[in-house]
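Thanks for coming. I will go through one structure today, starting with the terms and then moving from the overall picture to single residues.

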Amino acid sequence: MIRILEAGLAFIGRHGTAALAVSIFIGVALPALSATMRPYLAVSVFSLLTLAFLRIDMAEFRHRLRRPALLIAALFWMMLGTPLLTYGLVVLAGPQTLGPDAVLALFIATAAPPVMAAPAFIYLLGLNGTLSLALSVAALIVTPLTAPLIGTLMVGPTLPLSVGGLAVQLSLLLVGAFAVALALRRLIGKERLARSAHQISGLNVLLLLVFAIAAMDGVAASFAARPLFTLALTGLTFALALVQILLTLLLFSPATREDAYAIAHTCGTRNMGLMVAALGGKLPELTWLWFALGQFPIYMLPMLLKPFVRVYCRQTLETGKTVTRNT
């Protein structure tokens, strides 16, 4: 039974991109289960963080830190530049025009760190995910400092949690997940972890399925009651993710195309679940709907952007194939 389970997890891990795209629709198709799973959203976020820390290759991480200029520039853009640009647009449009619920949604969607699955998405696209990994870890570390600052500017007194409370909740989630991952690394061992890469990927996909089901609470009802509004809001979440990717791609075009795309895709896939968990999962209806629908681009963009990556990073991908054949 254990071997069958391991084989099943490995199969899911090898087909992670397709499995992710399917899982988001499973969450929509099971509205009753979504309502039941919603209280466990924070648990699934904590588990996903633990798995992400469990898979960190410290040698690769240290390699990127030896030349930190690109990493620091990407970190500043992602965690301060993008949300501050959004804040400027909110001021121009008028916070009262948008409404506090929409402003809170924009805060969550731009001030959150990237999803820790972002490096896996980069690897699945045939590129090197080292820079994405380093950026994701660095962003997680600074989030308890940057998110409360952006929250004070953008949301102000309507923030569901105090600035200090948000910083504490984020810190507890990150430190707790890292501590559990560290204990597991010592218990399992480095060699066994390396052999179990596909199984861990499969478990990651299953946890993302649990997260997707919990996050989809109310989405099916919204599609049934307000189909055009819900479709339009879904389109906005895709637009926001794609605009972040495009702006980042243009900004970091002086770097190699592989590095530029790795930064861009990482910037466009935000870990809104971490912010929701830190806020206690209690959000206004519109903000929750935005957060839920915002999972669609995260889960689907790796598949949708694959043709673009093949063209944009053609030289890198062809070099990789040549090296593989020679090896």
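First, a definition: helices are DSSP runs of H or I with at least four residues, strands are runs of E with at least two, and both are numbered from the N terminus.

Now the ground rules. This is a predicted model, where local features need pLDDT of at least 70, side-chain atom pairs count only at pLDDT 80 or more, and totals for chains, interfaces and linings use all residues. Residues are numbered from 1 along each chain as its sequence is written, and side-chain values use heavy atoms, with hydrogens and water left out.

Let me start with confidence. pLDDT is the predictor's confidence in each residue, on a scale from 0 to 100. The average for the protein chain is 80, and 84% of the residues score at least 70. Confidence is highest in helix α15, residues 227-251, with a mean of 95, and lowest in helix α21, residues 314-326, with a mean of 51. Over residues 320-327 pLDDT stays under 50, and there the model has zero contacts beyond four places in sequence. A contact means heavy atoms within 4.5 Å. Where pLDDT is low, the predicted coordinates should not be read in detail.

Next, the overall make-up. How many helices and strands are in the protein chain? There are 21 helices and zero strands. Of the contacts between residues at least 6 apart in sequence, 85% join residues at least 24 apart.

For burial, the cut-offs are these: buried is under 20% relative accessible area, exposed is over 50%, and partly exposed is in between, using a 1.4 Å probe and protein chains only. Buried residues make up 50% of the 327 residues in the chain. The chain exposes about 15,700 Å², and carbon and sulfur atoms supply 70% of that area. Those areas come from the Shrake-Rupley method with a 1.4 Å probe; for residues, only the protein chains shown count as cover.

Helix α19, residues 295-304, is mostly covered, with eight of its 10 residues buried. Among them are F296, Y299 and L301.

T248 counts as buried because its relative accessibility is 0%. Which residues is T248 in contact with, leaving aside neighbours within four places in sequence? They are W77, I263, A264 and C267. C267 is itself buried, with a relative accessible area of 0%.

A disulfide is a covalent bond between the sulfur atoms of two cysteines. Here the cut-off is a pair of cysteine sulfur atoms within 2.5 Å, and a search of the whole structure finds zero disulfides.

Salt bridges are next: a side-chain nitrogen of Lys or Arg within 4 Å of a carboxyl oxygen of Asp or Glu. The search of the whole structure finds one. R226 pairs with E285, and the closest N and O atoms are 4.0 Å apart. R226 is in the loop between α14 (219-225) and α15, while E285 is in helix α18 (residues 285-293), so the pair ties together parts that are 59 residues apart in sequence. R226 is partly exposed at 38%, and E285 is exposed at 64%.

Back to L89, as promised. L89 is exposed, with a relative accessible area of 52%. L85, L89, L92, V243 and L247 form a nonpolar surface patch, with about 480 Å² of accessible area together. The elements giving two or more residues to this patch are α6 (69-93) and α15, and α6 has the largest share, three residues. Patch residues have over 30% relative accessible area and no salt bridge; like charges are joined within 9 Å, and nonpolar side chains (Val, Leu, Ile, Met, Phe, Trp, Tyr) within 5 Å.

V90 touches P95, L98, V103 and L106, not counting residues up to four places away in sequence. V90 and M154 are 64 residues apart along the chain, and their C-alpha atoms are separated by 7.9 Å.

One last pair. P307 lies in helix α20, residues 306-312, and is partly exposed at 48%. P307 and L125 are 182 residues apart in sequence, yet 9.5 Å apart in space, C-alpha to C-alpha.
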